[in-house]
Each structure stands twice: as structure tokens, then as C-alpha cells.
Amino acid sequence: MAGSEEDWDEYFMAEAIRSADESKNTSPVGACIVKDKNKIISTGYNGRSNDPHAEVMAIQKVTLSDRRDYKMYVTLFPCDVCANKIIHTKIKEVIYKDEKNIHYVNSTNWKQKSSPIFNKAGVAYRQYIPKNNEK
């Protein structure tokens, strides 16, 4: 698939959303890790309340030697624990769909808690904006 960065964003966020569809959690989250030349190397989703978060599940599937300068697409901005895991795996950019959990009115805004962690470590992050501009 040849295309612009916007086209790839559409494709990889769709993969993260598909991963979230696998979740049995009442608040599904999906993640997709991509390496250079736009190749998916791992996906993950959150399980039940005591299971790992989607980001951690995706990271655990990647071998230690493979972790370098990758991008992560995730349906919800990572929590502070996941942000630290992302930093340690050398993921260079996080593309997220939502800042807050749309399933809960009073959910935590993880961007407020985790963005300082990413800023300090030099991990870029940006919100995914669909081509049709719907959220």
C-alpha cells in the first residue's frame, strides 16, 4: 500500500480499533505497533480488569532486540504506567484516538497525567484525526 502519512494513519488506527474489538473489557482499548516501512509488528488489547493494558500486551509481543524507534497507534491516550513502558521500549511516537475514555463520563484524562512523561523523554504524540474528521 503506497500512500500519504494520513492514509497510513487511517490504516493503522483501524488495526488498533480492530484489536479493541477483541477486548472483553467494558472499556475496550486497542494498540498497534508499527516499524519502519509501515509494517505492523504487534497488536494488543486490554483484557479483564486484572489483565495488562493494550499497550503492554502489544509491547510484550515484540522481542527486546526489535524495540527501536517504532510508532504506536492506540485507541485511548496511554496511562502513566503504560507511558513509562512505552518510553523504555524506545517507541518514538504515539498516535492516539481519544484523550478520555468515551465509555465513562468521569474517566481520567490520561493525557494530562502522561504527556509530561512523554515530553520529558522526547516521545512525540499526536491525536489521530480521521479523514472524514469524525471522532
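## Exercises on a predicted protein model

Glu 22 lies in the loop between helix H1 (5-21) and strand S1; helices (H or I, at least four residues) and strands (E, at least two) are DSSP runs, numbered from the N terminus. This is a predicted model, in which local features need pLDDT of at least 70 and side-chain atom pairs count only at pLDDT 80 or more, while totals for chains, interfaces and linings use all residues. Residues are numbered from 1 along each chain as its sequence is written, and side-chain values use heavy atoms, with hydrogens and water left out.

**Exercise 1.** Determine why Glu 22 counts as partly exposed, and state how far its C-alpha atom is from that of Tyr 45.

*Solution.* Step one: buried means under 20% relative accessible area, exposed over 50%, and partly exposed in between (1.4 Å probe, protein chains only). Step two: Glu 22 counts as partly exposed because its relative accessibility is 46%. Step three: the C-alpha atoms of Glu 22 and Tyr 45 are 6.8 Å apart, although 23 residues separate the two along the chain.

**Exercise 2.** Describe how strands S1 and S2 are joined.

*Solution.* Step one: two strands pair if DSSP finds at least two bridges between them. Step two: S1 (residues 30-35) and S2 (residues 39-45) run antiparallel and are joined by six bridges. Step three: Cys 32 has Thr 43 in S2 as its bridge partner. Step four: the two strands form a hairpin with three residues between them, and Lys 37 in the turn has a positive phi of about 65°.

**Exercise 3.** Identify the elements and residues that build the largest nonpolar core.

*Solution.* Step one: a nonpolar core is a set of buried Ala, Val, Leu, Ile, Met, Phe, Trp, Tyr and Cys residues joined through side-chain atoms within 4.5 Å. Step two: the largest has 19 residues, and those with the most contacts inside it are Ile 33, Met 72, Val 74, Ile 86, Ile 91 and Phe 118. Step three: two or more residues each come from S1, helix H2 (54-60), strand S3 (70-76), helix H3 (80-88) and strand S4 (91-98). Step four: S3 gives the most, with four residues. Step five: with contact meaning heavy atoms within 4.5 Å, and residues up to four places away in sequence not counted, Met 72 touches residues including Ile 33, Ile 59, Ile 86 and Ile 91. Step six: a second, separate core of nine residues includes Met 13, Cys 32, Val 34 and Tyr 73.

**Exercise 4.** Give the order of elements in the protein chain and its buried share.

*Solution.* Step one: the chain has four helices and five strands. Step two: from the N terminus on, they run α-β-β-α-β-α-β-α-β. Step three: buried residues make up 41% of the 135 residues.
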